[in-house]
Each structure stands twice: as C-alpha cells, then as structure tokens.
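This report looks at the inside of one protein model.

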Amino acid sequence: MAILQPKIPLSLYSHHFHFPLHSPTAAPFLCAPFKTPRKPLNLICSSNGQDDYLIDAPVSAGDGFSFSGGKYSDGPSPSDEWFKQGKIVKAHPVSGTGDKAKDPIFGLKMGAASQASNDLFRWFCVESGNADNPTVILIHGFPSQAYSYRKVLPTLSKNYHAIAFDWLGFGFSDKPQPRYGFDYTMGEFVASLESLINEIATEKVSLVVQGYFSPIAVKYASNLQGKLNDLILLNPPLTATHANLPSALSIFSNFLLGEIFCQDPLRASDKTLTSSGPYKMKEDDAMVYRRPYLTSGSAGFALNVISKTMKKDLKDYVEETRKTLLDENWKVKTTVCWGRRDRWLSYDGVEEFLNNSKHKLIELPMAGHHVQEDCGEELGEIISGILGRRSRI
C-alpha cells in the first residue's frame, strides 16, 4: 500500500471563510434531467426566545453554573458570527419521562439552556455549497465542535454540498442531561446520527469523521452501507493502544475532580485541544470553543458523562471498529487520513492495520490529532481529491 503525502500549493488555500448556501462557482452535479433540485436546510437559527440557545444570555438567565451568562462583551464576538452561519435542525426523538433536568451535583432545576426540547433534539448545522451537488457530512471529534471544520468548508463548497454539525452535548446543539432524554451511549449516538442524516440528506452521502467519534460513524455505516459513497476517517482509534483515553480526556471522568474540571472553560476547551498536537489556538477561536461552557453547566455535565462512557467502553468500540473494517463484507470505500504529530494516538500499528484491511492511508506530517484544525485547507483539498476520484469512475 502506497502512503500518500500530498503537497498542496499555498495558492490553493483560501483564508476567507464564506459559507454560501449556493455557490455560483460550484461545478454542476451530473444528474437526470427530470430530477427535482434539492432544497437547502430550511430551519433558521435564532438566539432569541426562551426555547432557543442563549448565545448572549444575561447573567440572570444563567443556571447556577455559568460564569457570566456566556456574554464576553457588548460587541459581536467570533462565536456570534459562527452562530449566524448555522441553522437549527430538529432530529431524533427525546426519550425519558419529560421531567425537567436537574444538575447531578446539587439536584437543582437547571435553566432553559440546559433543557432538551419537548419532542425532537435541536442540532446546530452549518451548510456550505450547492444543495444539488453530492453531500459530504463533516463530523467533529471528542471534544470539539463543527467549528473545527471552518477551514475545510470553503474548499468543499466549490464542488460539494458540505454540512458540518455539532453533536448532542457539544457546541450549539442541545445538551440533554443524562436520564433526561439522552444518556450518551454508543447505541444512542448511532441512532441519533441516523436520524440526523435522514433529516438533512435524502440520497447517498459521504462521511468525514474525526477522532474518538469514528467508531460511531463506522457502526452507523455498517448498518447502512448502501447509504454511503465514501467514509473518510481522521486519526481514528484503530489499535489496542488506542483503547485508553489520554489523561487530558480521562481526567473529566474522575469522581468529583472530573465534575469540577468539566465546568472550567479553559480546561474543557483550550487546554484539551492544544494538548493533542501542534495546534496553536488563537484567542478568537478559543472564544468559540469556550462559549458553551460559559453559557451553561449543561456542556460540562455532558462532557463528564461522555468521558465516563468513553473510558468504560472505548476498548469495545475500538475492537468492533477493527472487526468491521477487516470484514470482507465491508464494501464502503474507506480512507484514513493521519496527522503524524498526534499526541493522543500513536501511529504504531496503524499502517500495518490498514495494509491488512486494504484501506488507503494518507499521511499529513505536520498535523496533530485534530487534523482539520492544523491543516484545514490542505485537508479540504485532500477530501475533494478522494471524492473526485469516485465521481470520475
């Protein structure tokens, strides 16, 4: 198996983030003349009203765990600008008794920003490119946000309909509390992913998924192989040594100390992301990643329970992923892109596994665990190249 180390000229990179719903420069998607054009996501994003995400909440709207209602200043912030790019999509039914969520420490009723919807969960999605083009869904890792793909979206929008979303429990999506609608198990993540994809894409899609949420996407794909064109995994856990969470993540699962650290915006966002590779976070980017933890305690509580679940079940997740990708009945075209400067997941054994499974490996020497953060523009070109080869077949 040849290992590709792409060299993309800087002239191809775009440093201006623009997310049009329909790109006038997008290449047309060849389809039957009678085909009805697909419509872009039609749900709008709002920061007003009791039921919406409190993007700039006053202190009085806090739930007892937010630092200052999530407001940095009276002026617009990078988080505001990113939020405006998105849409709210409702998908996957809310389970449970319908009782109002209470915090797991003091048992106090949590504020509106910490409560799930009454019927379907609200997912924050950012859409880029022409809706008539092939759909690519970008899935962030743990812990991160759709924002991590901000430098990938402009490149993909030229020829594809790209959608990045925040998982439940992250970013601007709902953050239901365990036992109040969502318990963050692998089965629930897989089912909720299926619900979301059914809502935003009626035809076959390609998935790009990063890091520790890769087993979720592989499990989904194994159940619905006919729904996928391509699966692209970014630094997924693939070997036995990957079955243990790094200390930067496992600390969030600790008794008491984990609950405290999960409510620390700096530790939950800045320190975690920068500990995984060479990425140097700018203050404007840090403000976006911190916002959920400043706005409500629900983000921290979700991080705590996901960390516990990952720590407990990651070994089984990794083993199931390995078996699936090695199975002779696995028909989905699969590519692994690996940032060689990953400080969380060792490269040892990755090449051997992919040789055995006959899946393609593309190395990015200067990227860490969060490849899309370190080499976003380059990754966008790589994804376009992978998908483009299929369209030329």
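Leaving aside its neighbours within four places in sequence, which residues is Ile386 in contact with?

## Ile386 and its surroundings

Asp230, Ile232, Lys333, Thr335, Cys337 and Ile362 are in contact with Ile386, once neighbours within four places in sequence are set aside. Contact here means heavy atoms within 4.5 Å. Ile386 sits in helix H12, residues 376-392. Helices (H or I, at least four residues) and strands (E, at least two) are DSSP runs numbered from the N terminus.

Ile386 is buried, with a relative accessible area of 1%. The classes are buried under 20% relative accessible area, exposed over 50%, and partly exposed in between, with a 1.4 Å probe and protein chains only. The C-alpha atoms of Ile386 and Leu231 are separated by 10.0 Å, and the two residues are 155 residues apart along the chain.

## Basis of the model

The model is predicted: local features need pLDDT of at least 70, side-chain atom pairs count only at pLDDT 80 or more, and totals for chains, interfaces and linings use all residues. Residues are numbered from 1 along each chain as its sequence is written, and side-chain values use heavy atoms, with hydrogens and water left out.

## Overall make-up

The protein has twelve helices and nine strands. Of its 393 residues, 59% are buried. Take the contacts between residues at least 6 apart in sequence: 81% of them join residues at least 24 apart.

## Nonpolar cores

In soluble globular proteins, nonpolar side chains tend to be buried together. A nonpolar core is a set of buried Ala, Val, Leu, Ile, Met, Phe, Trp, Tyr and Cys residues joined through side-chain atoms within 4.5 Å. The largest such core has 66 residues, and Trp167, Leu207 and Leu231 touch the most other members. Helix H9 gives the most to this core, with ten residues. Another core lies apart from it, with 37 residues, including Ile88, Phe124, Val126 and Leu364.

What does Leu231 touch, leaving aside its neighbours within four places in sequence? Leu231 is in contact with Leu207, Val209, Ala217, Val218, Trp330, Val332, Lys333, Thr334 and Thr335. Lys333 and Thr335 are also among the contacts of Ile386.

## Cysteines

How many disulfides does the structure hold? The count is zero, taking a disulfide as a pair of cysteine sulfur atoms within 2.5 Å. Cys125 is buried, at 1% relative accessible area. Cys337 has 0% relative accessibility, so Cys337 counts as buried. Cys337 is also one of the contacts of Ile386.

## Cavities

The structure holds two cavities of 30 Å³ or more. On a 1 Å grid over the protein atoms alone, a cavity is a set of points where a 1.4 Å probe fits but cannot get out, and lining residues have an atom within 4 Å of a point. Grid points are joined across faces, edges and corners, and a volume is the space filled by probe spheres set on the points.

The largest cavity holds about 70 Å³ of space. Its lining is Pro143, Ser144, Gln145, Phe170, Gly171, Ala268, Ser269, Leu273, Tyr289, Pro292 and Tyr293. Helix H7 (265-274) and helix H8 (283-295) are the elements that give two or more residues to this lining. By class, the lining has seven nonpolar, four polar and no charged residues. Ala, Val, Leu, Ile, Met, Phe, Trp, Tyr, Cys and Pro count as nonpolar, Asp, Glu, Lys and Arg as charged, and the others, Gly among them, as polar.

The second largest cavity holds about 40 Å³. Tyr184, Met186, Phe189, Ile216, Ile306, Thr309, Met310 and Tyr317 line it. Helix H3 (186-200) and helix H9 (298-326) each give two or more residues to the lining of the second largest cavity. H9 gives the most, with four residues. The classes here are seven nonpolar, one polar and no charged residues.

## Backbone geometry

Which residues does a cis peptide bond join? The pair is Phe142 and Pro143, with omega about -15°. Pro143 lies in the loop between strand S4 (135-139) and helix H2 (153-156). Pro143 also lines the largest cavity.

Tyr184 is not a glycine, yet its phi is positive, about 60°. Tyr184 lies in the loop between strand S5 (161-165) and H3. Tyr184 is buried, with a relative accessible area of 1%, and is among the residues lining the second largest cavity.

Leu256 also has a positive phi, near 65°. The loop between helix H5 (247-250) and helix H6 (257-262) holds Leu256. Is Leu256 buried or exposed? Leu256 counts as exposed, because its relative accessibility is 52%.

Terms used:
1 Å grid on protein atoms, 1.4 Å probe; cavity = no way out; pocket = protein on both sides within 12 Å on 5 of 7 lines; lining within 4 Å.
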